[in-house]
Amino acid sequence: MGLRVVSESVGKGLVAGLVGTAAMTVSSTIEMKLRGRGASSAPANAASKVLGIEKFTSDDAEQRFGTLVHWGYGTGWGAVRGLFAGLGLGPVAATGAHLAVVWGTEQVVLPATDVAPPATEWGAQEVAIDAWHHLVYVSATSLAYTWLDRLAS
């Protein structure tokens, strides 16, 4: 695989990641409304810790940061889906690998930053819901990637 193929794949992956993030946003918004829970602040809290942000000037600033983290994180992970394709993985293998690295990273980073306990302490229902949202994300990202790849051919 040449650098051009990989870079084009990564670019398509970024666009696909944006689509996947939108799908995950819809999925989690519906689930939050059905369960009567608030939005998760875990990704933004982890990013705050990694970036050394101790305090926001307002609740609005914190909410904007959370939104930026959500969309940036999901879009960025789309590049990895594109990279897998650019390296020659087929759609099924690339989607499986994408799910493994995205969800696996969450399972390592959130406990490591003391933002969330390990999944072993969540309970089966919470693990299943989290897995579902990540499956929605990687599936939508993969479908979008495949569509973009066909358009480019």
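These legends go with a few close-up views of a predicted model. Residues are numbered from 1 along each chain as its sequence is written, and side-chain values use heavy atoms, leaving out hydrogens and water. Local features need pLDDT of at least 70 and side-chain atom pairs count only at pLDDT 80 or more, while totals for chains, interfaces and linings use all residues.

View 1. Helices here are DSSP runs of H or I with at least four residues, numbered from the N terminus. In H2 (residues 42-51), Ala42, Ala44, Ala46, Ala47 and Ser48 are buried (under 20% relative accessible area; exposed is over 50%, partly exposed in between, with a 1.4 Å probe and protein chains only). These buried residues pack against helix H3 (59-86) and helix H4 (91-112), where contact means heavy atoms within 4.5 Å. Just past H2, look for glycine 52, with a positive phi of about 75 degrees.

View 2. Arginine 4 pairs up with glutamate 8, their closest N and O atoms 2.8 Å apart (a salt bridge is a side-chain nitrogen of Lys or Arg within 4 Å of a carboxyl oxygen of Asp or Glu). The two sit four residues apart in helix H1 (residues 3-35), so about one helical turn separates them. Arginine 4 is exposed at 66%; glutamate 8 is partly exposed at 39%.

View 3. Lysine 12 and aspartate 149 meet at 2.5 Å, N to O. Because lysine 12 is in H1 and aspartate 149 in H5 (residues 124-152), the pair ties together parts 137 residues apart in sequence.

**View 4. A salt-bridge network.** Glu31, Arg35, Arg37 and Glu126 are linked up here.
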